[in-house]
Amino acid sequence: MASFTFGTSDREFTPADPDRPAPERVTGRRTFIAGALALGASGLPGLKAHALTPTAAVDSAVSVSPAVSLPTVAPGAGPVTLLPPGTPVALLDAAAHPKFVQPLPNPLSPINRFMPTGPGPSSYTLQIREFSSHIGLVDAKGKPLTTVLWGYGTALQPPTSPARSFAVRSGASIQVSYVNQLLNGSGAPLPHRLPIDTTLMWANPGNLGGQAPVPLVAHRHGGGSIDSAVDGLPDAWATPDANRDGTPDFRGRLYSTPYVFNNNQEAGHLWFHDHALGVTRLNVSMGLTGNYLIRDANEDYLITRNMLPAPAYELPLVIQDRMFDATGKVYYPSSDTATYPNAPAITHLPEFFGDFILVNGVPWPKCEVEPRPYRLRLLNASDSRFYDLKFQRPNGSALPFHQVGTELGLMDAPVGLNHLILAPGERADLVINFAGLAQQTITVGNSANIPFPDGDPVDPLTAGKIMAFKVALPLNTTVPQSVLPVYLRPLLGLLPAPRTAGVPRRKLMLFEGTDPLGRLQTMLGTVNPAPGNPANPAFGTFFYSDPVTEYMSAGSTEIWELHNTTVDAHPIHLHLVDFRILSREPFTGTVVDKPMGPGGSTSGGYLTQIALPGPQRHAEPNEAGRKDTVITYPGEVTRILVSFARPGEYVWHCHILSHEDHEMMRRFIVT
């Protein structure tokens, strides 16, 4: 048994308490070793979206974005082949690439919305296909490059990346069928365009262990549904129907079709993305994401009374980081022999941080706006990158804004902010006022370290830039001014105050160990609630394939206490539930080794002797709404109040895609 602390070969953890001496610097990349853990995020700079002085309203009004198509089909680039492992790759220079040139597509423009395919006006069949597109990349001489992507399309609309959007009414059901059509011109399954590490637990269609066929499953991220069969779980994947017998050639154990979404929830910003077991990070990198927005009468009330910007002045912003080779091909690193000499030629890496920033599928776009407020629906759809976003005036000062909603609906009241931290999987509903800024350019910058929060500084020439708003359009004086109200839920009523008395608590843990090949492996597990939290085989870290440890009854409510024993922040997502964030608090503890797997070749652990020195702090003001993803900071226990509405099998996991693909995901069952 040993107490533990943060250790790293290339950085130190900054203590939360300035009066506490810094822990001894140690070697070994991002692992826990002997020492004391009592470090919380409360004292670290940049970890909070700092609230401004509350205001009752903001003088504002509402501009039409041009009808720019999302990246869609362009002349083909010919067949794409995988290079042999270890082949040097020339990368596109992100620092030198033009920025703030390409126009921003609006995913809510009519050309960027899905049209029903029938039968009936609420039925959609989405075909997942490969296509080539000019997304705005150019080579060193300014010549446009073509990028091969995967996208969701229909028989009526070609695929795009991100996908076209769903915008549906609360309580109005739709039916969606997803069809994997990753086939070549001869009808044979396409290989994956990115290298697959077959040493991970992955879908592995037909136990073929190769690049083809590609397993896919679309997960609608956020809120509720009829049952878990429509969730798009990692084991619900399917391959193309190459033998043309009317069903996918290979299917996961939870495969189901079609999906019926009843949309019985209030207005919110959901999204959908691929979630196939062990290859989520690769499938999403190829382009498989899209917006899914729900509307309701409460939102209508605010818009028609000019309390929120009208839909014409609403912009979803899907933010993703990517890498590209010199020809414009999507690049995903898969080798690090210096760090992992025992790993195979194609190997999983702990995180992915791209140097190109795409917004709505376009690198570093610009958006022309009127000098008035806009509603921005932000989504962090990146693999591992957190964003600390700031809207900057030409003189570098921050332009304040308001957050009005979280992932699953509007908050009780607007929250004034001067910057926003957004983790992978999180969404934020913002209103920003460009009034008084005519002919000025507002740039969106990012200052989040990689990994977050205590990693290396972001490159200001690449991922430190997101996009630009050019206040260049004339003010449309026929549009009434909009003014944010004090109260955002006139028809829905205030969000219920979280009630915690008598609610059972479930103690869980986040952990970093190593796998049999010596690679860093992120994992989830349980903590023994007995006094002293003694080690016991029924607790500690577990693999995804291990027996379920989280069982609960339909209609029950629990407090989940998430103990982050790692040196990084992790966004934890629970499928098909919404929750409220209660508090965060530093903790200390002792880790006991838990050998796992054949011959104990995987290093897991137990968390014991937990102590809570405090102080405890409540959720940030802009986290006060309904959530489905929560940031758990290193050295802290994060408490969430979760209700489990419907029976079924689900998963909870870190939404850093590279982590969930390498065992940081567990199943839970509601009966």
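I take two strands as paired if DSSP finds at least two bridges between them. Helices (H or I, at least four residues) and strands (E, at least two) are DSSP runs, which I number from the N terminus.

The model is predicted, and I require pLDDT of at least 70 for local features and 80 or more for side-chain atom pairs, while totals for chains, interfaces and linings use all residues. Residues are numbered from 1 along each chain as its sequence is written, and side-chain values use heavy atoms, with hydrogens and water left out.

**Entry 1: strand 11 and its partners**

I looked up strand 11, which covers residues 289–295. Strand 6 (residues 166–169) pairs with strand 11 in the parallel sense over four bridges. Across from Arg169 I find Arg295 of strand 11. Strand 10 (residues 268–274) also pairs with strand 11, here in the antiparallel sense over six bridges. In strand 11, Leu293 stands opposite His269.

I then checked cover, with buried meaning under 20% relative accessible area, exposed over 50%, and partly exposed in between (1.4 Å probe, protein chains only). Seven of the seven residues of strand 11 are buried. One side carries Thr289, Asn291, Leu293 and Arg295, the other Gly290, Tyr292 and Ile294, and both faces are covered.

**Entry 2: aromatic pairs**

I paired rings of Phe, Tyr and Trp (its six-membered ring) if their centres lie within 6.5 Å; planes under 30 degrees apart count as stacked, over 60 as edge-to-face and the rest as tilted. The count by this rule is 25 aromatic pairs. Phe261 and Tyr292 make an edge-to-face pair, at 5.8 Å centre to centre and 80 degrees between the planes. Phe261 is in strand 9 (residues 259–261) and Tyr292 in strand 11, so this pair ties together parts 31 residues apart in sequence. I note that Phe261 and Tyr292 are both buried.

Trp560 and Phe668 are also edge-to-face, with 6.1 Å centre to centre and 80 degrees between the planes. Trp560 belongs to strand 29 (residues 556–564) and Phe668 to strand 38 (residues 665–670), so far as the link goes a pair of distant parts, 108 residues apart. Trp560 and Phe668 are buried.

I also listed one aromatic cluster, whose members include Phe114, Tyr124, Tyr152, Phe166 and Tyr178.

I traced an open sheet of five strands in the order 16-24-23-18-21, with mixed pairing. Strand 16 (366–368) and strand 21 (420–422) are the edge strands, each pairing on one side only. Neighbouring strands of the sheet are turned by 20 degrees against each other on average, direction ignored. For such angles, axes are lines fitted to C-alpha atoms, for helices over the stretch in contact, and values run from 0 to 180 degrees between N-to-C directions.

Within the sheet, strand 23 (residues 441–446) and strand 24 (residues 465–470) pair in the antiparallel sense over five bridges. Thr443 has Ala468 of strand 24 as its bridge partner.

Ala435 sits in the loop between strand 22 (427–433) and strand 23. Ala435 is partly exposed, at a relative accessible area of 40%.

**Entry 3: backbone checks**

I found a cis peptide bond joining Ser161 and Pro162, with omega about -5 degrees. Pro162 lies in the loop between strand 5 (147–153) and strand 6. Gly614 to Pro615 is cis as well, and omega is near 0 degrees. Pro615 is in the loop between strand 33 (602–611) and strand 34 (617–618).

I checked positive phi in residues other than glycine: Phe100 has phi near 60 degrees, and Asn207 has phi near 55 degrees. Asn207 is in the loop between strand 7 (174–180) and strand 8 (218–221). Asn207 is exposed, with a relative accessible area of 67%. Phe100 is in the loop between strand 3 and strand 4.

**Entry 4: the loop with Val89**

Val89 is in the loop between strand 3 (31–33) and strand 4 (123–133). I list Val89 as partly exposed, at 33% relative accessible area.
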